[in-house]
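Here is a friendly walk through one protein model, written for someone who likes to know the cut-offs. Have the viewer open as you read.

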Amino acid sequence: MEEIYAKFVSQKISKTRWRPVPPGSLQTAETFATGSWDNEENYVSLWSIGDFGNLDSDGGFEGDHQLLCDIKHHGDVMDLQFFDQERIVAASSTGCVTVFLHHPNNQTLSVNQQWTAAHYHTGPGSPSYSSAPCTGIVCDNPEIVTVGEDGRINLFRVDHKEAVRTIENADSSTLHAVTFLRTPEILTVNSIGQLKIWDFRQQGNEPSQILSLTGDRVPLHCVDRHPNQQHVVATGGQDGMLSIWDVRQGTMPVSLLKAHEAEMWEVHFHPSNPDHLFTCSEDGSLWHWDASTDVPEKSSLFHQGGRTGTFLTHSISNQANVHQSLISSWLSTDPAKDRIEITSLLPSRTLSVNSLDVLGPCLVCGTDAEAIYVTRQLFS
């Protein structure tokens, strides 16, 4: 893999997201957004990856990510998602959800729409009003779903002032992340280790399905759905483990993979090459997991600067009855036969890697060390 380029940006980066490439377009990712946290002033920023290869004063390569524009953001940026090519949705620790609009003509960002009290512990208007952080958002034009520390789920539509649907007390614990399974169905993960599936076609405030790891109430921090097989879901949590779930089968994960040494903050299947998966952690690491089956007798060695270490996997459910070719490589039941190769992508351990995103051959991640890392040649 080619160099991964660092740029130091003088703010702790909580979220990084590639701007989507227009459907059918052959161009590669060129622009990404970042959100910051734990700074005196926080920003949502747009960057262009520019040309690489400028030698810095130490003789190393520095990434030439150019800041296109930024805008102040009230509170920590807890999540960030592109709604379309021009609009970015940000979740705030103040409970506010903001849609920012990018104006490419004069390279500015402006507030397009805002739901100021999307999440709260006690309601706006009451004397004891207290906001609750909005922890996660997912967009599927024209809809935006938000989850929060208040255990509430909101379904917003762009250009609607009020929520189209709110599930109050959807969870008695903190909801940490959300993803779409199919358009009317979402999946949330919470701080007591549960996955819950919600169907917006059903009235009422009850989930249609609950999955969890028995015994362990380990908080789950992140979730991603396989882009082609909507029943396959990956989660990560406080213990750093990677769990793969098949929501059609049982209530337990199919595989538990020993991963990071501290909290896993994000997990992402590669959108067009989903045998590859990426995770980042509080322990300062960023990993590329390769489960592609075209490599014979793949070693389960963990590459990092010449050091190797094996990893453990426990397969839980037996899937011998499912037609083999339909099984995602992530649902394989024989860990000895289907080894997973793990590569550490950052040159050295750093402070927490809070966020990552992958699109085509490009990867971006952001850290508490106030650095943004980018590579444009993931698979070379």
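## Around arginine 152

Let us begin with one side chain and its surroundings. Not counting residues up to four places away in sequence, arginine 152 touches Ala118, His119, Tyr120, Thr146, Val147, Thr166, Ile167, Glu168 and Leu175, where contact means heavy atoms within 4.5 Å. The model is a predicted one, in which local features need pLDDT of at least 70 and side-chain atom pairs count only at pLDDT 80 or more, while totals for chains, interfaces and linings use all residues. Residues are numbered from 1 along each chain as its sequence is written, and side-chain values use heavy atoms, with hydrogens and water left out.

Arginine 152 sits in the loop between β15 (143-148) and β16 (153-157). Is arginine 152 buried or exposed? Its relative accessible area is 8%, so arginine 152 is buried; the classes are buried under 20% relative accessible area, exposed over 50% and partly exposed in between, with a 1.4 Å probe and protein chains only.

Elsewhere, lysine 12 lies over the face of tryptophan 37, at 5.6 Å from the ring centre.

## The chain as a whole

How many helices and strands does the protein chain have? There are zero helices and 34 strands, taken as DSSP runs numbered from the N terminus (helices H or I, at least four residues; strands E, at least two). Of the 380 residues, 54% count as buried. Among contacts between residues at least 6 apart in sequence, 52% join residues at least 24 apart. The chain's accessible surface is about 16,500 Å², and 47% of that belongs to carbon and sulfur atoms; these areas come from the Shrake-Rupley method with a 1.4 Å probe, and for residues only the protein chains shown count as cover.

## Aromatic pairs

Five aromatic pairs are present in the structure. Rings of Phe, Tyr and Trp (its six-membered ring) pair if their centres lie within 6.5 Å, and planes under 30 degrees apart count as stacked, over 60 as edge-to-face and the rest as tilted. Tryptophan 18 and phenylalanine 32 make an edge-to-face pair, because their ring centres are 5.5 Å apart and their planes are at 80°. This pair links distant parts of the chain, with tryptophan 18 in strand β2 (residues 13-18) and phenylalanine 32 in strand β3 (residues 31-36), 14 residues apart. Tryptophan 18 is buried at 4% relative accessibility, and phenylalanine 32 is buried at 0%. Together with Trp47, Trp18 and Phe32 form one aromatic cluster.

Phenylalanine 269 and tryptophan 330 form another edge-to-face pair, 6.1 Å centre to centre with 70° between the planes. Phenylalanine 269 belongs to strand β26 (residues 264-269) and tryptophan 330 to the loop between β30 (313-315) and β31 (341-344), so the pair ties together parts 61 residues apart in sequence. Phenylalanine 269 is buried, with a relative accessible area of 3%, and tryptophan 330 is buried, also with 3%.

## Nonpolar cores

In soluble globular proteins, nonpolar side chains tend to be buried together. A nonpolar core here is a set of buried Ala, Val, Leu, Ile, Met, Phe, Trp, Tyr and Cys residues joined through side-chain atoms within 4.5 Å. The largest has 19 residues, and those with the most contacts inside it are Leu242, Leu277, Trp289 and Trp330. At least two residues of this core come from each of β23 (232-237), β24 (242-246), β26 and β28 (286-290), and β26 gives the largest share, three residues. Apart from this core lies another of 15 residues, including Ile4, Cys280, Ala371 and Leu378.

## Backbone details

The peptide bond from asparagine 141 to proline 142 is cis, with omega near 10°. Proline 142 lies in the loop between β14 (134-140) and β15. Serine 10, in the loop between β1 (5-8) and β2, has a positive phi near 60° and is exposed, at 62% relative accessible area.

Terms used
A charge sits over a ring if NZ of Lys or CZ of Arg is within 6 Å of the ring centre and within 35 degrees of the ring normal.
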